[in-house]
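The following paragraphs go through the salt bridges of a structure and then turn to a sheet.

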Amino acid sequence: MLTVENLTVQFPGRHGTFTAVEDVSLSIAPGEIHGLVGESGAGKSTIGAAIIGLLQPPGFVAGGTLHLGDTDLRSLTPTQAHAMRGARISMIFQDPQTSLNPLMTIDDQLIETIQAHENVSSSEARTRAVDLLEEIGIENAAKRIKAYPHQFSGGMRQRVVIALALCTNPELIIADEPTTALDVAVQSQVLDLIRRLAQTRDIGFLLITHDIGVIAQITDNVTVLRGGKVMETGPTDKVLKAPEHPLHAIPDGCGAPAGPQAGPLSGPRQRQARHCRPRREIRRRCRGLAAWR
Amino acid sequence: MAYFILKRLVQSVFVMLAVAFLAFSLFRFVGDPISQMTGVETSVQDQDRLREELGLNDPFVVQFYRFTTDMLRGDFGFSYRTRQPVGDMIASRIPATLELGIVALLISLIVGIPSGVYTALRPRGIATQAILMTTLVGVSIPTFVIGIALIFLFGVQLGWLPTFGRGGTVDLGGWTTSFLTVDGWRALILPAITLGVYQLTLTMRLVRAEMMEVMRSDYIRFATARGIPYRSLHYRHALANTMVPVITIIGLQFGGVIAFSIVTESVFQWPGMGLLFLESIRFVDIPVMGVYLVVIAFFFVLVNMAVDLLYLAIDPRLRVKEAA
Ligand SMILES: Nc1ncnc2c1ncn2[C@@H]1O[C@H](COP(=O)(O)OP(=O)(O)O)[C@@H](O)[C@H]1O
Ligand SMILES: [Mg+2]
């Protein structure tokens, strides 16, 4: 379904061009969970962004081919690429605290996403959204769909994010560190959900992570990346069992938040505090502006 | 939320008390009220009797209490200069200043927000560079220079618009408005632009900075990855989030617009509170100066409260947290 061949991504900069991804090939079949693992800065997110066509400027695809089914992703016009996003490829980001628009209710966000790609009425879209949330494990969805993102816990919020990525029935979902920001207990629930969705809906997943545990737990195939190049690729159990493989050398750091043992004010909660800009910070900015006057 | 509003109310009361104290000190200790009220021919005994009658020998706290409660009852004392009640003098000037400030604010919003959004979405465009250059000039030129330049160009050279006063006004039960006559509108244009320029550039730069930050946020990236149409992405998702901090600062600035309309009012001889304040400084008319301070402070407090409520209305995270 997805075929990436010899993908090369470059970032032109002041001190020459930086090649973030070099000659990467991988393919994903429907219903397959393909792991993409590597240390921080290996180019994992860049590959995901290149596939969905959202590379941060000045980054650009310098070589290789990207095909989704029969569609040549590199030949799409910007309008065609945008219409394809959501409809055929979706993406899930690392941090559920910041992935949802804080000013819109969950149902507004779901309905808008569905209506962006399909010509359905709002009530029809809402019914579908509620069904989807129930399927994904949010109880009492008909009522909770009217809530705002901040009223959900981290794990529930990541489920909402998954629902948003799923509500348009894409063929491929790129999940960029979908569990890194979650507590360990919630992590495996979300991974189970991804596993189930891949099976029941035949969706291909590109699961980006730096965590070997996640790879071992749910991926079918894995591509190991280092310095923008493929080190190893193949069925997960084979790659993990190979005695000479370099995965043990991958540091676990990446600034990922620690587990629940890190105390009440670490990880997601802290992030939320930063995300929801309190009035105090705005006051501080005012002061800066006054000085500027 | 109730707690939030209550806290604001209490804070506001303290702010008002502090300003009232300032106004009172001004009145009581800058110059001698008795010698201001009486002439040279008044005998010392008469002066002392007046001092006693007016309670100026009472303890400080008692005097301040009386001053504050008088104000609360709407008794603002009398002007040294005109012998009229200060309350009436200020009240008759409020419409001119408020209308000027509101039109200036509207100009700044109507021009500032769209150009802020435009320059944020096309950061490298030629139009963007031109707008940014223009506003940089706008920020760095003092208000009175802008006013004089406008007068020179549109008033003197082209002769299109009047350069002083309010033109035609209509009295609506004590509120004199410029909004109902063509003449009034024509007189309003130049001073409103002068007063609005700074606010406009501030609004534009603020909207631009916030918008660019929001466009880089995860939820905009996620919405883009879901193929949400660009129009909704920019105006529904991004702009709404941009407005949360922008409203706060624009609101606070509006207090400043009213307070600093003094300069514009004097350039255009606009008969508002600012001009009255300048006149009262020239004649050391301390009661008028004091009440002006209190009124402006009250206005700041009101705007602050309005901004808080608006902020609550926009941002659901600040409302009561009921579990979902
Ligand atoms: N917008 C950008 N501009 C310049 N360099 C970038 C940009 N985005 C990513 N890179 C570079 O590309 C490399 C890969 O980044 P990324 O794909 O985010 O790594 P990963 O997701 O594996 O941690 C990094 O070395 C990073 O410095
Ligand atoms: Mg990454």
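Over all chains there are 18 salt bridges, a salt bridge being a side-chain nitrogen of Lys or Arg within 4 Å of a carboxyl oxygen of Asp or Glu. This is a predicted model, in which local features need pLDDT of at least 70 and side-chain atom pairs count only at pLDDT 80 or more, while totals for chains, interfaces and linings use all residues. Side-chain values use heavy atoms, without hydrogens and water, residues are numbered from 1 along each chain as its sequence is written, and chains are lettered from A and ligands numbered from 1 in the order in which they are written.

One of the salt bridges joins A:Glu112 to B:Arg236, at 3.6 Å from N to O. This pair crosses between chains, from helix H3 (residues 106-117) of chain A to helix H10 (residues 230-259) of chain B; helices (H or I, at least four residues) and strands (E, at least two) are DSSP runs, numbered from the N terminus. A:Glu112 is buried at 10% relative accessibility, whereas B:Arg236 is partly exposed at 37% (buried is under 20% relative accessible area, exposed over 50%, partly exposed in between, with a 1.4 Å probe and protein chains only).

Within chain B, B:Arg221 and B:Asp218 form a salt bridge with their closest N and O atoms 3.4 Å apart. Both residues lie in helix H9 (residues 218-225) of chain B, three residues apart.

In chain A, strands S3 (residues 33-37) and S8 (residues 204-209) pair in the parallel sense over five bridges; pairing requires at least two bridges found by DSSP. A:His34 stands opposite A:Leu206 in S8 of chain A.
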